[in-house]
There are 2 protein chains.
Amino acid sequence: MLRLSKLTDYGTVIMTHMAREPERVCSAAELAVAIGVATPTASKILKTLARASLLQSVRGARGGYLLARPPAEISIAEVIDALEGPFGMTECSAVAGLCAQEGSCLLRANWQRVNQVIRLALNDLTVADMAQPVFQPANVGALRARPERMPG
Amino acid sequence: MLRLSKLTDYGTVIMTHMAREPERVCSAAELAVAIGVATPTASKILKTLARASLLQSVRGARGGYLLARPPAEISIAEVIDALEGPFGMTECSAVAGLCAQEGSCLLRANWQRVNQVIRLALNDLTVADMAQPVFQPANVGALRARPERMPG
DNA sequence: AACGAACGGGACTAAATTGGTTCTATATCA
DNA sequence: TGATATAGAACCAATTTAGTCCCGTTCGTT
């Protein structure tokens, strides 16, 4: 459930990769090789991330991309938002007000809440966190271990 | 981002609807009218929920569906799992081990963590919670208000 | 016993989404 | 000036999703 698209996955891998050397300007071709996709595909993702102001682009020869902010200040939620469109687990909560069965729409308020939890959890997880090979739960407030009711 | 499929959304609406009268046997046709979809569509969802043991089916004339357990003991995570397939935000974390770019797969461990947060949050939210018009945050441990870093 | 209501399961079609490529224009370094 | 590299849009193919239909089975009702 809650599967992200491939492009979004690639996007997080790219951001993580770049976070390891935040100063370096990386070209689309270089990143494509690094993460194992074709250049046009990487390029498409990079353009999207740049348009969302998560990356800064450098045009011209020896150009490429650069993290727009320190990796610790870029949350995974932002990366997902950039690549996956507007937030919202259901259509209703994403684009409020155009719901066919208004009678059942008490639900929406609850979905909004669930969305919010997820968003907060992902807001607390930064690109810098992801770049660390061993991930520090302390950095991510929402990631407390809560063992109850965890089905297979 | 993290958009659920329509069917899953319908599924939660159905479960919530049924939670309001847990004793009553509801036919597919009746539920279809209640939530505003065509009968075959409702039927498809109900079959899936029954196969996942979230609903109990009653065959024959005057048959229908019934919650398999008290609504407070059915989590939203289960409903989503039933309708959306195996858990996992990326392909890698859903079906471990078949990742093209193994080098970048440090990421996977982190994604797993994120998945877990989301899952725990949704595990704590039950069908009974959703059925209440005003939703009690106290019932849902993971739903603490945490105002930091909440962009547009 | 026969009829009809209702579920079980699978196959199928159409529509929407996604993944990926290509092309043209623009910017910049050497 | 030429090579390199991004910007942006259009486009195609493949997958996924939504929704429908059909046939078999179960079981009240008459």
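**Close-up views of a predicted protein–DNA model**

**Figure 1. A:Ser53 is partly exposed, with a relative accessible area of 46%.** Buried denotes under 20% relative accessible area, exposed over 50%, and partly exposed the range in between (1.4 Å probe, protein chains only). The model is predicted, and local features therefore need pLDDT of at least 70, side-chain atom pairs count only at pLDDT 80 or more, and totals for chains, interfaces and linings use all residues, while side-chain values use heavy atoms, with hydrogens and water left out. Residues are numbered from 1 along each chain as its sequence is written, and chains are lettered from A and ligands numbered from 1 in the order in which they are written. A:Ser53 occupies the loop between α3 and β1 of chain A; helices (H or I, at least four residues) and strands (E, at least two) are DSSP runs, numbered from the N terminus. The phi of A:Ser53 is near 65 degrees, a positive value in a residue other than glycine. Most residues other than glycine have a negative phi.

**Figure 2. B:Arg62 also has a positive phi, of about 60 degrees, although it is not a glycine.** This residue belongs to the loop between β1 and β2 of chain B. With a relative accessible area of 83%, B:Arg62 is exposed.

**Figure 3. A:Thr126 is shown in the loop between α6 (106-123) and α7 (127-131) of chain A.** A:Thr126 counts as buried because its relative accessibility is 5%. A polar atom of its side chain lies 3.3 Å from the backbone nitrogen of A:Ala128. This is a polar contact, a pair of N or O atoms within 3.5 Å; within protein, one atom must be able to donate a hydrogen and the other to accept it, and residues adjacent in sequence count only if both atoms are side-chain atoms. A:Val79 is 47 residues from A:Thr126 in sequence, yet their C-alpha atoms are 9.5 Å apart in space.

**Figure 4. The surface near DNA strand C draws on both protein chains.** A residue is near a strand if one of its heavy atoms lies within 4 Å of it. Of the 24 residues around DNA strand C, those that come nearest are A:Lys6, A:Leu7, A:Lys44, B:Ser57 and B:Tyr65. At least two residues each come from α1 (6-19) and α3 (39-51) of chain A, and from α3 (39-51), β1 (55-58) and β2 (64-67) of chain B. By type, the surface comprises nine nonpolar, eight polar and seven charged residues; Ala, Val, Leu, Ile, Met, Phe, Trp, Tyr, Cys and Pro count as nonpolar, Asp, Glu, Lys and Arg as charged, and the others, Gly among them, as polar.

**Figure 5. Contacts with the backbone of DNA strand C include a phosphate oxygen 2.5 Å from a backbone N or O atom of A:Lys6.** An N or O atom in the side chain of B:Arg51 is 3.5 Å from a phosphate oxygen. Sugar or phosphate supplies 62% of the atoms of DNA strand C within 4 Å of the protein, and bases supply the rest.

**Figure 6. Contacts with DNA strand D include a base nitrogen 2.8 Å from a polar side-chain atom of A:Lys47.** A polar backbone atom of A:Gly60 lies 3.2 Å from a sugar or linking oxygen of DNA strand D. The surface near DNA strand D divides into nine nonpolar, eight polar and eight charged residues.
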